[in-house]
Amino acid sequence: ETRTKSLLYLEDVSVSFDGFKAINSLSLVIEPGELRAIIGPNGAGKTTMMDIITGKTRPDTGKVIFEDEIDLTKKDEADIAQLGIGRKFQKPTVFESHTVWDNLELALNRSRGVFATLFYTLSAEDKSRIEEILSTIRMTHRAHEYAANLSHGQKQWLEIGMLLAQEPKLLLVDEPVAGMTDAETAETAILLREIAKTRSVVVVEHDMGFIRDLGVKVTCLAEGSVLAEGSIDFVSSDPKVIENYLGR
Ligand code: ADP
């Protein structure tokens, strides 16, 4: 069997909790440089899928293969993060009493296994890396603001910036626009498209306006498997998707 080079594929993955199949024979391929949106009703298995990719949950059966050869089901969470898979949970977890710059500096240090320290003198290279991330997340003008003073949307972008400090090859983002203003939601679509120019991004979201705005391939999960996959127009006109998700 030949296969085009994929960044990540899940093949026939299943996992049960107390006999209940949360993930049921799920197969999915993420290409290098792809931005993919995942939708689906509550309980569809979206979080469990992310948990499986990041090694938080081990599947009962099936394959989870990174870069065509690395079997993630044999790795623990720390190893998987080290391989270049970053995850952003729904709630922002920035250090409120530090500035935006210091949050990014801490994240850069942490990516090298140095924790909770700002006492190193930054190299010129590190400084320009932080400046580059600030520019990507459009927060250059907020660099010296305390994170506590940021809007909810800005905190989410800062946390995405902190993940970028780790140079992930794949970034998993859980409901980034929940609680954002319309303007912040539109900015987030631009930001994720920008980030996906240099890496793959998988984003789980319920906000259909945002998904439409992203304009990327969509996978709709239900009952732990893929219900439909394709453009948002294709997926949102699928009778199964309407019945199980959109029409509810
Ligand atoms: P989604 O993120 O799409 O809302 P989840 O992945 O959170 O869906 O959940 C899928 C199903 O698996 C749900 O029915 C949920 O109750 C169940 N589930 C998830 N994690 C656990 C767990 N650790 N123990 C028991 N059941 C779980």
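E67 is located in the loop between β4 (61-66) and β5 (70-71), where helices (H or I, at least four residues) and strands (E, at least two) are DSSP runs numbered from the N terminus. The model is a predicted one, in which local features need pLDDT of at least 70 and side-chain atom pairs count only at pLDDT 80 or more, whereas totals for chains, interfaces and linings use all residues. Residues are numbered from 1 along each chain as its sequence is written.

Although not a glycine, E67 has a positive phi of about 50°. E67 counts as partly exposed, with 15 C-beta neighbours inside 10 Å; a residue is buried if 20 or more other C-beta atoms, placed from the backbone, lie within 10 Å of its own, exposed if 12 or fewer, and partly exposed in between. D18, likewise not a glycine, has a positive phi of about 50° and lies in the loop between β1 (8-17) and β2 (20-30). D18 is exposed, with 5 other C-beta atoms within 10 Å.

Strand β9 (residues 218-222) is largely enclosed by the rest of the structure, because five of its five residues are buried. V218, C220 and A222 point one way from β9, and T219 and L221 point the other way. In a regular strand the side chains alternate between the two faces of the sheet. Strand β3 (residues 35-39) runs parallel to β9 and is joined to it by three bridges; strands pair if DSSP finds at least two bridges between them. I38 stands opposite T219 in β9. Strand β10 (residues 225-230) runs antiparallel to β9, with five bridges joining the two, and S225 in β10 is the bridge partner of A222. The hairpin of β9 and β10 has two residues between the strands, and E223 there takes a positive phi near 50°.

Helix α5 (residues 152-164) has 13 residues and reaches 19 Å from its first C-alpha to its last, close to the 18 Å expected at 1.5 Å a residue, the expected span being 1.5 Å times one less than the number of residues. Eleven of the 13 residues of α5 are buried, so the helix is largely enclosed by the rest of the structure. Its buried residues, including W157, I160 and M162, pack against β6 (85-88), α3 (100-110), α4 (124-136), β7 (170-174) and α6 (182-195), contact being defined as C-beta atoms, placed from the backbone, within 7 Å.

Conventions: Contact = placed C-beta atoms within 7 Å.
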